[in-house]
Amino acid sequence: MESLFIEIDHVAIAVHDIEAAIKWYEDVFGATVEHREDVKSDGVYEALVNVAESYIQLLTPTREDSPVAKYLAKNGEGLHHIAYRVKDCAEALNAAKESGCRVIDEKPRPGSRNTTVAFIHPKTSFGTLIELVEVN
Ligand code: CO
């Protein structure tokens with residue numbers, strides 16, 4: 001079978017103070033922010049820090065009931081999910097479902113920066129929350 005992965009789209013890190021985290025990546029590594037977005041549907045504010053063709057996605061909650069707020073309360077700051085870029089999000093999601101994976105999104109949905117995304121539950125992916133990202 002040919003791999004459905006094209007690239008690592010982003011590695012997401014949950015933080016309390018996103019401006020402090022951005023400044024740290026800028027000051028320590030000279031990294032640059034390509035995109036910022038208030039993702040209302042997920043209750044998060046994100047900043048995408050460039051790493052070649054991929055990103056570090058810094059995430060901070062914008063409301064108390066957002067999944068990232070719950071994650072921070074339970075685990076503290078740190079690695080939240082890994083996003084793989086795929087050609088077709090629905091195809092990759094279906095492949096995961098057909099193999100018995102527990103999914104968070106039954107169907108692909110809009111993500112930030114005009115992408116189409118779906119999340120796979122860490123329970124069936126060796127402890128990693130996986131996001132499938134189709135760049136439109
Ligand atoms: Co993400």
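**Before you start**

The model is predicted: local features need pLDDT of at least 70, side-chain atom pairs count only at pLDDT 80 or more, and totals for chains, interfaces and linings use all residues. Residues are numbered from 1 along each chain as its sequence is written, and side-chain values use heavy atoms, with hydrogens and water left out.

**Stop 1: the cobalt ion**

Select the cobalt ion and show its protein donors: His10 (NE2), Gln57 (OE1), His81 (NE2) and Glu131 (OE). Donors are N, O and S atoms within 2.8 Å of the metal (3.2 Å for Na, K and Ca); water is not among the atoms, so sites may look incomplete.

What is the geometry of the site? It is irregular, with angles of 84 to 171° among the four donor atoms. Four donors count as tetrahedral if all angles lie between 85 and 135 degrees; four count as square planar and six as octahedral if opposite donors are over 155 degrees apart and all others between 65 and 115; anything else is irregular.

Along the sequence, the donor spacing reads H-x46-Q-x23-H-x49-E. Now pick out His81 in strand β5 and Glu131 in strand β8; the pair ties together parts that are 50 residues apart in sequence. Helices (H or I, at least four residues) and strands (E, at least two) are DSSP runs, numbered from the N terminus. Both His81 and Glu131 are buried. Buried means under 20% relative accessible area, exposed over 50%, partly exposed in between (1.4 Å probe, protein chains only).

**Stop 2: the nonpolar core**

Select Val86, Cys89, Leu93, Ile120, Ile130 and Leu132. These have the most contacts inside the largest nonpolar core, a group of 13 residues. Such a core is a set of buried Ala, Val, Leu, Ile, Met, Phe, Trp, Tyr and Cys residues joined through side-chain atoms within 4.5 Å. β5, α3, β7 and β8 each give two or more residues to this core. α3 gives the most, with four.

**Stop 3: the largest pocket**

Select Pro67, Val68, His80, Phe119 and Leu129. Of the 26 lining residues, these are the closest to the centre of the largest pocket. Its volume is about 490 Å³. A pocket is an open set of points on a 1 Å grid over the protein atoms alone, where a 1.4 Å probe fits, with protein on both sides within 12 Å along at least five of seven lines; lining residues have an atom within 4 Å of a point.

Which element gives the most to the lining? α2 does, with six residues. Colour the lining by class: eleven nonpolar, eight polar and seven charged.

**Stop 4: the second largest pocket**

Move to Leu4, Phe5, Ala92, Ala95 and Ala96, which lie nearest the centre of this pocket among its 15 lining residues. The space is about 250 Å³. α3 (89-98) and β8 each supply at least two lining residues. The largest share, three residues, comes from α3.

**Stop 5: a loop with positive phi**

Finish in the loop between β6 (109-110) and β7, where Arg113 is found. Arg113 has a positive phi of about 40° although it is not a glycine. Asn114 is in the loop between β6 and β7 too, with a positive phi of about 60°. Most residues other than glycine have a negative phi.

Are these two exposed or partly exposed? Arg113 is partly exposed, at 21% relative accessible area. Asn114 is exposed, at 58%.

Note on methods. Points joined across faces, edges and corners; volume = space filled by probe spheres on them. Nonpolar A, V, L, I, M, F, W, Y, C, P; charged D, E, K, R; others polar.
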